[in-house]
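Biologist: I'm new to this one. Could you show me how to read its packing?

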Amino acid sequence: MNDKPTNRWLMPVIAALLAAAIFIIDTFSSLDMAIAVLYVVVVLLSANYSDRRGLLAIAGLCVGLTILSFLVMHAGNYDLSAVMRGLVSIAAITVTTLLCLENQTATQSLRGQADLLDLTHDAIFVRDIADTVLYWSDGAERLYGWPREEAVGRPAASLLKTVFPAPLADIRGELFRTGRWEGELVHTRKDGSKVTVMSRWSLQRDEKGRPLAAMETNSDITERKQAENALNQTRAELAHVTRVTTMGELTASIAHEVNQPLAAVVTNGEACLRWLGRAEPDIGEARASVERMIANGRRASDVIARLRALARRDEPLQAPVDVNEVIDEVLPLIERERATHGVALDVAPGERLPVVLGDRVQLQQVVLNLALNAVQAMAAVPDGNRRLQIATRIDGQEDRGCVLIEVRDTGPGVDAESLPKLFNAFYSTKKDGMGMGLSISRSIIEAHGGRIAAAPGEDGGMLFTVALPNPGKDASGDSLPEERRP
């Protein structure tokens with residue numbers, strides 16, 4: 001810790017002693033050589049602790065000592081060789097001084113730039129192509145806990161135990177190709193704690209275009225990531241609550257949907273007994289009754305399975321999903337509500353639709369929310385004019401060929417002032433609405449990489465459009481290779 005204060009007086013003392021020694025040898029020795037050239041060592045030592053004015057003074061002193069020694073040794077006898085040795089020494093001292101001054105200027109410029117980098121709160125460090133740390137800012141010390149003396153000279157990836165979002169070879173390939181890379185990294189501090197950073201890399205090249213070093217700027221986003229994770233968890237719990245609440249509202253429809261196959265099982269069971277109770281049992285009819293009993297039992301089981309899936313609070317599962325099947329599975333759940341409100345149903349499933357990647361239960365929830373909202377929105381519409389239309393198709397105007405789900409009603413619609421607020425949390429056009437259904441639906445669709453929009457219908461009412469990306473296309477609209485398709 002005392003090295004720097006010691007150097008403040010030790011280096012000048014060494015330079016002074018060396019200058020005195022050179023003067024004595026040059027003045028009083030009989031060596032026939034340019035001893036004064038050694039003054040360049042004094043200048044070089046002085047450059048480490050002297051400013052520009054001080055260095056010029058020391059260089060002038062060395063030149064003066066050279067001239068004084070020459071005058072003492074060769075008074076009245078100025079032979080050419082002695083004069084040339086003196087001029088060579090003075091030239092060497094002058095050139096060395098000029099180079100030291102230029103080096104001081106460059107060093108001060110670099111130090112000023114480094115000081116500017118230290119002003120930022122971001123962690124900044126520079127590493128060479130072998131990943132060895134060359135520069136370590138104050139921000140890096142604060143973020144990671146490693147002092148500059150311990151970090152410089154060590155491999156950055158092993159020092160910080162970096163967790164990369166992709167193979168390092170791919171990241172380095174992009175850096176060398178474009179000169180830049182940006183992404184999220186997980187680093188380990190000196191105390192062992194983890195920190196998530198938004199990292200930006202910039203590549204430095206030499207005059208021939210060869211990579212020299214990379215500057216890495218890291219911003220701490222640990223708290224933001226934790227907040228995002230907490231928000232996603234809360235959103236998932238709200239989605240679960242909304243599903244359960246919706247199921248409670250549909251209790252009558254659920255009971256009707258389950259009772260139908262159960263009643264059919266009983267009816268077919270009684271018919272089977274009658275066929276078997278005849279004087280000559282009709283085995284064929286009895287078998288047909290049993291087969292119908294089995295089919296209706298499976299239908300009831302399927303209904304219960306769908307309800308259990310909606311009620312579960314599982315992590316989203318990305319799998320190939322047929323949107324037409326999703327709609328078919330939701331329609332029975334709104335049958336009782338639709339019949340109670342006297343709403344006619346018109347379903348137009350698209351043909352040869354590609355499957356989408358998503359969570360089947362969450363997509364069911366979105367369709368269920370939109371369909372229920374549409375049915376309830378038409379409560380004040382005169383009988384005979386209530387119509388719910390659900391259609392699926394490929395959006396031909398999109399390069400990517402998105403799969404569209406359209407839910408249209410003939411209700412009163414939404415005024416222009418309320419339209420932009422429809423998908424806001426806790427905003428509802430219904431007096432008893434929670435204002436969460438459409439907000440959660442938008443979150444679900446956006447998490448699937450799609451979008452949801454609302455617009456007035458051409459003939460009144462509202463049109464809700466859900467666009468889901470086609471996994472058979474890439475971001476540019478080109479078809480993916482067969483092996484990359486789901």
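Modeller: Helices (H or I, at least four residues) and strands (E, at least two) are DSSP runs, numbered from the N terminus. This is a predicted model, where local features need pLDDT of at least 70, side-chain atom pairs count only at pLDDT 80 or more, and totals for chains, interfaces and linings use all residues. Residues are numbered from 1 along each chain as its sequence is written, and side-chain values use heavy atoms, leaving out hydrogens and water.

Biologist: At what angle do the axes of α12 and α13 cross?

Modeller: Two packed helices are described by the angle between their axes and the distance between the axes. Here, α12 (residues 323-340) and α13 (residues 360-377) cross at roughly 35 degrees, with their axes coming within 9 Å. Residues in the contact (heavy atoms within 4.5 Å) include Leu-333 of α12 and Leu-368 of α13.

Biologist: And how do I read a sheet?

Modeller: Strands of a sheet pair through backbone hydrogen bonds, either parallel or antiparallel. Two strands pair if DSSP finds at least two bridges between them. In this model, 5 strands make an open sheet, ordered β2-β1-β5-β4-β3, with antiparallel pairing. β2 (133-136) and β3 (180-188) are the edge strands, each pairing on one side only.

Biologist: How many bridges join β1 to β5?

Modeller: There are 6 between β1 (residues 123-128) and β5 (residues 211-220). Val-126, for instance, has Met-215 in β5 as its bridge partner.

Terms used:
Axes fitted to C-alpha atoms, helices over the stretch in contact; angles between N-to-C directions.
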